[in-house]
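Student: Could we go through this model together, with the cut-offs stated as we use them?

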Amino acid sequence: VRPDLHIELGGGAVLRPYTPADADTLYGLIDSNRVRLARWFHWVDDATDVTSQTAYIESRVDDGRSLDGNGIWVGEDLAGGCDLMINGSDDMGELGFWLDEAFVGRGLVTRAAQALMARGYESEGLHRTQLRAGVDNLRSRAVAKRLGLREEGVLRGAGKVGGGLYVDLVIYGQVVDDWRKTI
Amino acid sequence: VSEHEGRGIITRACERFFDVAFDELGLHRMELQAASGNLRSRAVAGRLGMFEEGVARDGIRVADGYLDSIEYGILEDEWRARRVPT
């Protein structure tokens, strides 16, 4: 996590890391989206109470390299999250994101991901960005397309989701040279 | 070390790893990433019955640049099917 990260996304939306004081808000939003999110994310099962989210937020401090642990905030409201995990040894960043149902369709995730990718390539020396999305997660796959990522394969049964089930993941990737052509 | 190549040591070690991973650790899937030009590693993946699932472009950093990473995977039930004596 980068405690000083603060990116304006337009329309009053901001991407910034959670602080322990946000644990209550974060838990509340995950809990109210539990059924939707559990289709794609195993971490929903780990969000059992506010304390679990305090622990999550505090645990991310140990990873000082990744641009993660971020909330997308619209005014005072939490709308979702968007992270870029950094694998430094391969100069690679991996995107992850989710949204509250009420905030879907406004381009928030696309803008947040674009901002994180730009920072990854320009300031962090990343060479490649990747995203893995459930084969049936059409919204996430549409984001990948909007971001200019290319489909590179299908990792069978590689995604653990809520309830101990597994789904196939489409792997998307972009190399920095591709990105430069899009900006 | 080159004098030890070609004896199947890596393949046998991986087979033991897979047994432990699936039987004792309860894992669902094993993955291997090998650089596209690393034909020896890719042959090991083939001997282990792993499936080629994709190519992560420039996914592996080496001393003088980046190489495509071939993504291999095998699921628990596929491994068990291979281990049943015929």
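Tutor: This is a predicted model, in which local features need pLDDT of at least 70 and side-chain atom pairs count only at pLDDT 80 or more, while totals for chains, interfaces and linings use all residues. Residues are numbered from 1 along each chain as its sequence is written, chains are lettered from A and ligands numbered from 1 in the order in which they are written, and side-chain values use heavy atoms, with hydrogens and water left out.

Student: In which helix of chain B is V20(B) found?

Tutor: Helices here are DSSP runs of H or I with at least four residues, and strands are runs of E with at least two, both numbered from the N terminus. By that assignment, V20(B) lies in the helix spanning residues 9-24 of chain B, α1.

Student: Is V20(B) buried, partly exposed or exposed?

Tutor: Buried means under 20% relative accessible area and exposed means over 50%, with partly exposed in between (1.4 Å probe, protein chains only). Because its relative accessibility is 33%, V20(B) counts as partly exposed.

Student: How many salt bridges are there between chain B and chain A?

Tutor: A salt bridge requires a side-chain nitrogen of Lys or Arg within 4 Å of a carboxyl oxygen of Asp or Glu. One pair that qualifies is D178(A) with R57(B), whose closest N and O atoms are 3.0 Å apart. Between chain B and chain A, the count is five salt bridges.

Student: Which strand gives the most to the side of chain B that touches chain A?

Tutor: On that side of chain B, β1 (29-35), β2 (51-62) and β3 (65-75) each supply at least two residues. The strand that gives the most, with ten residues, is β2(B).
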